[in-house]
Amino acid sequence: MRTLPIAVTALAATLALTLTACGGDDGGGGDNKSGGPKDASSSACAADKLGQEVVASEAPAAGDTGTVSVSLTNGSGADCTLKGFPTVGLVAGGTALSVAAEKAAEPEKLTVKKDETVGFTITYVRGPAGDAEKAAAVTTAKFTLPGADGELSFAWKYGEVALRGTGGEPDASVTPLQRTGD
């Protein structure tokens, strides 16, 4: 007897969620009547109009994984769009090492309104200090945004980046651009 009220409550909750998902606009899309033309008139975000903030969870020792998150805030005063992966290069000794795009990630087209923030994350494996065959002593990270002119950069203070195999490819990946914050 006790399972009947629980089953009815669960069914009612499921029905309520289903109806909520079908009706109304939660701002996440679905109703494209008002968003279509605005998206078409937006242009790619200009690198020089984006405020930048970098936050890291540094890999403490060789072999550990760390992350560096880059947040970009639209300060242009107009909507702009971004879709895809940033092109990231880690500079070590005058050489830029290309960071691979995260394989399983699917980028989405983002319309970035004034003062909204988007971002990406670089995940890396820390390499052994002083071993040029197994690690790159990175000093700067440079990146460009898909469809945008200009390059942005920040100082790399997160230790050496491990290298994969004999090709000198960094053991690192980058996520696609995505919304950040609330």
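Leaving out residues up to four places away in sequence, Ser-173 makes contact (heavy atoms within 4.5 Å) with Val-99, Ala-100, Glu-102, Thr-121, Ile-122 and Thr-123. Ser-173 lies in strand β15, which spans residues 172-174. With a relative accessible area of 18%, Ser-173 is buried, a word that here means under 20% relative accessible area with a 1.4 Å probe, protein chains only.

The model is predicted, so to speak of its local features requires pLDDT of at least 70, side-chain atom pairs count only at pLDDT 80 or more, and totals for chains, interfaces and linings use all residues. Residues are numbered from 1 along each chain as its sequence is written, and side-chain values use heavy atoms, without hydrogens and water.

Stepping back to the whole protein chain, 2 helices and 16 strands are found (DSSP runs, H or I of at least four residues for helices and E of at least two for strands, numbered from the N terminus). Buried residues form 32% of the 182 residues. Of the contacts with a separation of 6 or more, 76% join residues 24 or more positions apart.

Beyond four places in sequence, Leu-72 touches a list of residues including Leu-50, Val-118, Phe-120, Phe-143, Leu-145, Leu-152 and Leu-177. In soluble globular proteins, nonpolar side chains tend to be buried together.

Conventions: Buried means under 20% relative accessible area, exposed over 50%, partly exposed in between (1.4 Å probe, protein chains only).
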